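User: I am new to this structure and would like to learn how to read its features one at a time. Please give me the general idea first and then the case at hand.

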Amino acid sequence: LYINLTNRCSNACSFCVRNDKESYFGNALWLEHEPSAAEVIEAIPDRAYPEVVFCGFGEPTYKMSEMAAVADYAHAKGLGTRLNTNGQGNLINKREIVPELKGKIDKINISLNASRAEAYQAVCRSIYGESAFSALISFAKCCRDKSMDVVLSVVDCIGAEAVAACRALAEENGLRLRVRAMIENS
């Protein structure tokens, strides 16, 4: 079950589906308002899902308290939880958020998309500039150090050479890398 908590994002990635799409595979993802945790929980269908995934057109770490409450609800129902993030949650919240995620989020997928700060900024266009890249790497390593299940991911549109450089960066930091296909049409 994919849950979108916000439209806000600290990145404006050049390849993001939100740049030119109102929906994703027929699902409208632009929110009319940011839902409360209670609204999200009330909207969760009463059927079996293997996990709840915090993702969408916005960066879920803008909504830490809501995400934590929904994650607690999901765990109470026996569901796993995953966070798809740009890894800038510490910058967004102006504090270390990894301790708040531990025990709430089972898996963390961090969008890497470049192996160097300059290339990251060129592709992801973060409001934090090139410092977003080092914050992302630090966040990933902190999650790893807290024994959390963390995976870095890249979209294949960055090219084979860039993917190889990202793979090397992941390996040197003791992290896994997942290569995702570019979504052309939805």
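User: Which residues of α2 are buried?

Analyst: Buried means under 20% relative accessible area, exposed means over 50%, and partly exposed lies in between, with a 1.4 Å probe and protein chains only. Helices are DSSP runs of H or I with at least four residues, strands are runs of E with at least two, and both are numbered from the N terminus. In this predicted model, the buried residues of α2 are M64, E66, M67, V70, A71 and A74. They lie on the same side of α2, because they cover an arc of only 155° around the axis, the arc being that of the directions from the helix axis to the C-beta atoms. On the other side of α2, S65 and A76 are exposed.

User: Against what do the buried residues of α2 pack?

Analyst: Contact means heavy atoms within 4.5 Å. The buried residues of α2 pack against β1 (2–4), α1 (37–43), β4 (51–55), β5 (80–85), α3 (89–93) and α4 (98–101). After α2 comes G78, with a positive phi near 80°.

User: What span should helix α2 have, and how far apart are its end C-alpha atoms?

Analyst: The expected span of a helix is 1.5 Å times one less than its number of residues. For the 13 residues of α2 (residues 64–76) this gives 18 Å, which agrees with end C-alpha atoms that are 18 Å apart.

User: How should I read α7, and which of its residues are buried?

Analyst: Helix α7 (residues 160–172) also can be checked by its span, since its 13 residues reach 18 Å from the first C-alpha to the last, close to the 18 Å expected. Its buried residues are V163, C166, L169 and A170, and they sit on the same side of α7 because their arc around the axis is only 120°. The face turned away from that buried side carries the exposed residues A160, E161, E171 and E172. Among what covers the buried residues of α7 are α6 (131–145), β7 (149–155) and β8 (176–180). The residue G174, which follows α7, has a positive phi near 65°.

User: Which residues touch the most other members of the largest nonpolar core?

Analyst: In soluble globular proteins, nonpolar side chains tend to be buried together. A nonpolar core is a set of buried Ala, Val, Leu, Ile, Met, Phe, Trp, Tyr and Cys residues joined through side-chain atoms within 4.5 Å. The largest core here has 48 residues, of which F54, L101, I108, L112 and L152 touch the most other members. The element that gives the most to this core is α6, with eight residues. Leaving out residues up to four places away in sequence, L101 touches M64, M67, L83, I108, F139 and M148.

User: Is Q121 buried, exposed or partly exposed, and what is it in contact with?

Analyst: Q121, in helix α5 (residues 117–124), counts as partly exposed because its relative accessibility is 21%. Apart from neighbours within four places in sequence, Q121 is in contact with S126, G129 and E130. The C-alpha atoms of Q121 and N11 are separated by 9.0 Å, although the two residues are 110 apart along the chain.

User: What rules lie behind the numbering and the values?

Analyst: Residues are numbered from 1 along each chain as its sequence is written. In this predicted model, local features need pLDDT of at least 70, side-chain atom pairs count only at pLDDT 80 or more, and totals for chains, interfaces and linings use all residues, while side-chain values use heavy atoms, with hydrogens and water left out.
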